[in-house]
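Dear colleague,

I am passing on the structure below, together with some notes on what turned up in it. Please read them alongside the coordinates.

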Amino acid sequence: MSTITAPPGTDRARRLRATLTALLAAGVALGAPFYFAPFQVFQLTMVLLYAVALAGLNLLVGFGGQISLGHGAFFAAGAYTAAVMLDRYETGHLATLPVAAVGCFLLGLGFGVPALRLRGLYLALVTLAFAVFLPPLLKRLEPVTGGSMGLTVDKLQAPAWSGLAEDQWTYFVVLSVTAVALLLARNLLRSRVGRALLAMRDNESAAEVMGVRLSLHKTLAFAWSALFAGVSGCLYTWVIGFVSPDSFGFVLSITLLAGLVVGGLASLYGPLLGAAFVMYVPSVAQDISDAAPGVVFGLLIIAVMFVAPTGLAGLAGRLRGVAASRLTRTTMPTDDRTPDSEPSAAPAPADPAPVDAEPVGALPRTEEE
C-alpha cells in the first residue's frame, strides 16, 4: 500500500520557521519593559495574565466543546486565595501560587460533576449562575474577604540585586509564569488527554466507542480550566494589589469568553490575541465614547467577527496563505519561450488515401468486380 509523504524539506522548513518565530517573540517580550513606559508595561503584564485564563478556557471550550460562562468565578477564587494568604497569614507571594492552583483545580473538579449530565445552553446557565452568586457570597464573608471593601495587599517588590523597577520585575515574573502555563497547555493538548478532548468534542458517541471515558475527561477539562483561571487570578492579585467582589462580576466571565472567541477557538495563539483584545479594546472604546463605551465595544466585536469568523488567529493564517499563494504565482514561469525564438513549423498533413484504395485486410478484387 502506498502512502503520501510530504517533501523532505517541508518539516525542516516548518521547524525553522517556528524556531525563528519563537526567538523573535522571545526577544520582543524580553526587551519590551525596557522600551515602553511604566503604564504600558503594566498593560502588557495584564495581557499576559489574561492569556493564562484564556488558555484554560480554550481547553474547555475550544478543545473540549463545552460552554462555560462562569470562568470569572474561578478567576476570583484564585485572586482571593492569594489575597487572603497575603493579608491574613503574611505568606510570600510565590507561596500563594501553588495553593491557588491546587484549590481551583479541586473546585473545578467538583464543579465538573454537572457537566456529566448537562450540555449546551443548560451547562452555560449553570456556570453563569456560579459567576452570578459568587460576588454576593464574597461580600457576606466579611471576616475573611473584607466584604464590600475588599482586601489591599502588597504588590511584588523587585529585589535589590535585580536592578529593575517594580513594574519591570512584576512583568518578568508574570511572563515566566505565563510561558510555563502556555507550554503546559500545549503539551497537555498533544498528550492522550488532548486527543480525548478533541474526540469528545467532535463526536461523543464515537469517542466512547473508541474507549474514551467521557465522565473522566469532562470533569478533568473543568478542573484543568479552573486551574489556569486560578493561576491567572493569583497573578492579578500580585499585579493590582487589591481585590473586591465588584471586580469579579459575571461581566468578567462574558468578557473572557468573548476574548477567546475573538482570539480564535482551538488555537494555540488565540489566547494571546484574545487577551490583547480584552485589555486594549475597552480602553479604545472608552476613548471613542465616554457616554457608551459598551456600545462601541460590542460593535467592535461584531466587526471583528465579520472580518475574521474564525478569530484573529484564523485571520493571520488566512493572510499568510494568501500571501504565499500570490508569491508562488508571481515566481512561477508562465512561458518558456524567448522573444527571439521562432515558432516551430507545423507538421505537414498526411496525403489522403486514394478513393479506390483497398482497405487494410480486405480480400483481393476479382476481374468481375
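Which backbone oxygen does the side chain of Thr 145 reach? The side chain of Thr 145 reaches that of Leu 138, at 2.5 Å. This is a predicted model, in which local features need pLDDT of at least 70 and side-chain atom pairs count only at pLDDT 80 or more, while totals for chains, interfaces and linings use all residues. Residues are numbered from 1 along each chain as its sequence is written, and side-chain values use heavy atoms, with hydrogens and water left out.

Thr 145 lies in helix α6, residues 142–145 (helices are DSSP runs of H or I, at least four residues, numbered from the N terminus), and counts as buried because its relative accessibility is 5% (buried means under 20% relative accessible area, exposed over 50%, with a 1.4 Å probe and protein chains only). Beyond its neighbours within four places in sequence, Thr 145 is in contact (heavy atoms within 4.5 Å) with Tyr 80, Arg 88, Leu 138, Gly 150 and Leu 151.

In helix α8, residues 192–202, Gly 194, Ala 196, Leu 197 and Met 200 are buried. They are on the same side of α8 because they cover an arc of only 160 degrees around the axis, taken from the directions from the helix axis to the C-beta atoms. Arg 192, Arg 195 and Asp 202, on the other side of α8, are exposed. The buried residues of α8 pack against α2 (38–63), α7 (166–189), α9 (204–209) and α10 (214–240).

With regards

Conventions
Helix = DSSP H or I, 4+ residues; strand = E, 2+ residues; numbered from the N terminus. Polar contact = N/O pair within 3.5 Å; in protein donor to acceptor, adjacent residues only side chain to side chain.
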